[in-house]
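Please read these points with the model open beside you.

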Amino acid sequence: MERIAIDMDEVMADTAATHVEWYNRDYHDHLNIAELQGATLVQARPGRKQEIESYYGREDFFRQLKVMEHSQEVIRELSEHYEIYITTAAMEVPASFRAKYDWLRENFGFLSDMNFVFCGDKSIVRADYMIDDNVKQLRRFQGQGILFTAPHNVRETGVVRVNNWPEARAWFMDKTRLDGKENIESDGGMRCSMNA
């Protein structure tokens, strides 16, 4: 069975939307996601860099991330055809470990927590596919990288991209159907040659 490594932030968890919501609430701003096209929140509000980055040190921030639309149903469906591993670069934000683990258990409890990988550089991950919003992680990855669209990466080119979870489902299910067809044709050929 082929293996898919899936990033958490901006792929399963709508981190940008939660970040903007909290930032607007705490600093009485009116920033919206459309303003982040091709930029991070810090790049959009450089004068508030310290305040924006301070959320990453708060465990409650990671516990309250919104679930990316359709991620639960699609990942559940994919888990019937692929081994699923959640690979999150938690080393960048050590305060997030427990909160991310609890968030995954709460929202993706159908996955084994033995398949949660908290790491830094994802080039160590052995999988056939990786879905991530960070093109740098995908470039280091040895398998097929798939960029999940997030506000900060809309201008990235030269990569396989899915814009949402229904597109990810279609991409992987098409692959499963093609692989199944090739296996049937291959088996048919073997049977013919064995019977000859």
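How much space lies in the second largest pocket?

1. About 230 Å³ lies in the second largest pocket. A pocket here is an open set of points on a 1 Å grid over the protein atoms alone, where a 1.4 Å probe fits, with protein on both sides within 12 Å along at least five of seven lines; lining residues have an atom within 4 Å of a point. Its lining has 15 residues, and D14, M68, F148, T149 and N163 are the closest to the centre.

2. This is a predicted model, in which local features need pLDDT of at least 70 and side-chain atom pairs count only at pLDDT 80 or more, while totals for chains, interfaces and linings use all residues. Residues are numbered from 1 along each chain as its sequence is written, and side-chain values use heavy atoms, with hydrogens and water left out.

3. The largest pocket holds about 880 Å³ of space. Of its 32 lining residues, T40, Y56, E92, D133 and H152 are the closest to its centre.

4. Beyond neighbours within four places in sequence, K100 is in contact (heavy atoms within 4.5 Å) with M8, D9, F62, T88, A90 and F118.

5. The average pLDDT (the predictor's confidence in each residue, from 0 to 100) is 90, and 91% of the residues score at least 70. Where pLDDT is low, the predicted coordinates should not be read in detail.

Technical notes: Points joined across faces, edges and corners; volume = space filled by probe spheres on them.
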